[in-house]
Amino acid sequence: MTPRWSRLTDADTPAWAELTEVLARHDGTDEVYGADDLREELREHGFDPAQDSWAVHDGDALVAYGQLRTSTAPTAEGWGRATLGGGVHPRWRGRGVGTELLRRMETRARTLLAARHPGRTLQLRADGGPAGSDTSALLSRHGYRPARWFVDMQLDLRTQTPPPVDDRTEVFTPHLAEATRLAHNDAFATHWGSTAQSPEQWRDFVAARSTRADDSFVVRDHDGTVLAYALTAEWVDRELYVSLVGTRQGARGQGLARAVLTSVVGAAARSGRYDVVDLGVDSENPGGAHQLYTSVGFAPVRTTAVFAKVEPPPSPVSPPDR
């Protein structure tokens, strides 16, 4: 049967959630999302599902999907960045669906990046999954190469003695959102591929149903400036995910990242709501984050690659002859 191509809508989210579970099991990624979380993604600032999403159906069954996110600010390298995401049901692989999905996302990405970042070099990137995955093979065939390796790490709260909550930290609350955004933009200003978060993007992140503000911590100085933060989320029942950890560049070397992280772990253990705490780290993180996480008790569970290709700025469109 010829697949039917359309765009993702609210009506697709239950089937979309089921597809993420199939892909997570088959590809070994643990990337699982609920229908309500996916419904929120369709409303993210700067994302237009009518143009930046794709749904592929076989009859009534959703067999593939794609999402395109393009940066509103340039990366630390000065590039315009597009992140291509999606997946194809294992039974539909090898039929050209993944190749066509990639082509459509790339075409839209180049158009959108040229408009948002005129004259800038373009970076197209996608999660390639674990080494040897079908996705990495597809990306390699289309000119992508591993650009960064990320390590997923986990701490089992059932086997660890919880550390105390550091008395320099406090629980994150919504009124600290803007101060934490500014801290995050400073902390990640020089990190590979990072872009400054706009107030609108940050509000989407902080207000997401998966965010666990009560299990997140910050450190502030005497005038209220956020110096360090560890923000968490929960997509899978009883698994707390540390979404972001950062320290302002001028506040490093004081153990503040350890303070917020151990407070997260200690509070999560004592709450009784979680069995494990998860996080991911860039294996080339210049701040030694991998060593910090290991010393706190996190252990690696998988390594995945981010694939990328860098393209020169699109040529200006010449005006038509008159």
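A pocket is an open set of grid points with protein on both sides within 12 Å along at least five of seven lines, and its lining residues have an atom within 4 Å of a point. The model examined here is predicted.

**Exercise 1.** Describe the second largest pocket and its lining.

*Solution.* Begin with the volume, which is about 160 Å³ for the second largest pocket. Next, list the lining: A15, E18, L19, V22, D58, A61, L62, V63, H89, R91 and W92. Two elements, helix 1 (13-27) and strand 3 (61-70), each give two or more residues to this lining. Helix 1 makes the largest contribution, with 4 residues.

**Exercise 2.** Determine whether G98 is buried or exposed, and state what G98 touches.

*Solution.* Locate G98 in helix 4, which spans residues 97-116. The relative accessible area of G98 is 16%. Buried means under 20%, so G98 is buried. Setting aside residues up to four places away in sequence, G98 touches V88 and L138.

**Exercise 3.** Which side chain of opposite charge is nearest to R125, and how far away is it?

*Solution.* R125 lies in strand 5 (residues 122-130) and is buried. The nearest side chain of opposite charge belongs to E77, 7.0 Å away. A salt bridge requires a side-chain nitrogen within 4 Å of a carboxyl oxygen, and R125 has none. Beyond its neighbours within four places in sequence, R125 has contacts that include R81, Y144, W192 and F307.

Technical notes. Residues numbered from 1 in each chain as written. Predicted model: local features only at pLDDT ≥ 70, side-chain atom pairs only at ≥ 80, totals over all residues. Heavy atoms only, no water. Buried < 20%, exposed > 50% of the residue type's maximum accessible area, 1.4 Å probe, protein only. Contact = heavy atoms within 4.5 Å. Lys, Arg positive; Asp, Glu negative; His and termini not counted. 1 Å grid on protein atoms, 1.4 Å probe; cavity = no way out; pocket = protein on both sides within 12 Å on 5 of 7 lines; lining within 4 Å. Points joined across faces, edges and corners; volume = space filled by probe spheres on them.
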